[in-house]
Amino acid sequence: MSNASVLSVLQERARQTPDDPAFTFTDYDINPDGVVETLTWSQLYRRTLNVADEVAQYGSPGDRALIIAPQGLAYIVAFLGAMQAGFIAVPLSVPVPGSHDERVSAVVTDTSPMVVLTTAAVFEVAAQYVDDGAAVIATVAVDTLD
């Protein structure tokens, strides 16, 4: 297993230990006491495949997928889904709403992503950076995929 890729390990764990926790995220923004969300290996694998299927509609392996999402499990799913589709994942943090982040604009210009992966909560914030003439084909909220 020394030469295993992240994606092959994900698939193997989903098959061998599907109900074991893969990732746990505690969100303190929702509640100061923290809201815990866990994905099992099988849930993570299924969501990764769902994102990959969606992403594949908007380009081909080697294209770029920009990830603009808050910290959390959806970010991990977006990153792995982009990789599963053969895309190059370009991760960014979410810009402050109502302001223009030159760094994000520069990355969009430099990477020419085919798709932006985000969440429903920050969809509009992410979309504003690709509506300014970028060649992005789609913006996808990964947390809304079935």
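**Reading the core and the helix packing**

Reply: Happy to. The largest nonpolar core has 30 residues, and Leu-44, Val-55, Ile-67, Phe-87, Val-115 and Leu-117 have the most contacts inside it. A nonpolar core is a set of buried Ala, Val, Leu, Ile, Met, Phe, Trp, Tyr and Cys residues joined through side-chain atoms within 4.5 Å; buried means under 20% relative accessible area, exposed over 50%, partly exposed in between (1.4 Å probe, protein chains only). This is a predicted model, where local features need pLDDT of at least 70 and side-chain atom pairs count only at pLDDT 80 or more, while totals for chains, interfaces and linings use all residues. Residues are numbered from 1 along each chain as its sequence is written, and side-chain values use heavy atoms, leaving out hydrogens and water.

Me: Which elements give two or more residues to this core?

Reply: In soluble globular proteins, nonpolar side chains tend to be buried together. Here the contributors are α1 (6-16), α2 (41-55), β3 (64-68), α3 (73-84), β5 (115-118) and β6 (138-141). Helices (H or I, at least four residues) and strands (E, at least two) are DSSP runs, numbered from the N terminus. With seven residues, α2 gives the most. Apart from this core lies another, of 12 residues, including Val-104 and Tyr-129.

Me: How is the packing of two helices described?

Reply: By the angle between their axes and the distance between the axes. Axes are lines fitted to C-alpha atoms, for helices over the stretch in contact, and angles run from 0 to 180 degrees between N-to-C directions. For α2 and α3, the angle is about 60° and the axes are 7 Å apart. That makes α2 oblique to α3; angles under 35 degrees count as roughly parallel, over 145 as roughly antiparallel, 65 to 115 as roughly perpendicular and the rest as oblique.

Me: And how do α1 and α3 cross?

Reply: Their axes come within 10 Å and cross at roughly 110°, so α1 and α3 are roughly perpendicular to each other. Val-6, Leu-7 and Leu-10 in α1 meet Leu-80, Met-83 and Gln-84 in α3, where contact means heavy atoms within 4.5 Å.

Me: Is Pro-95 buried or exposed?

Reply: Pro-95 counts as buried because its relative accessibility is 2%. You will find Pro-95 in the loop between β4 (88-92) and α4 (102-111). Its C-alpha atom is separated by 7.3 Å from that of Val-125, 30 residues apart along the chain.
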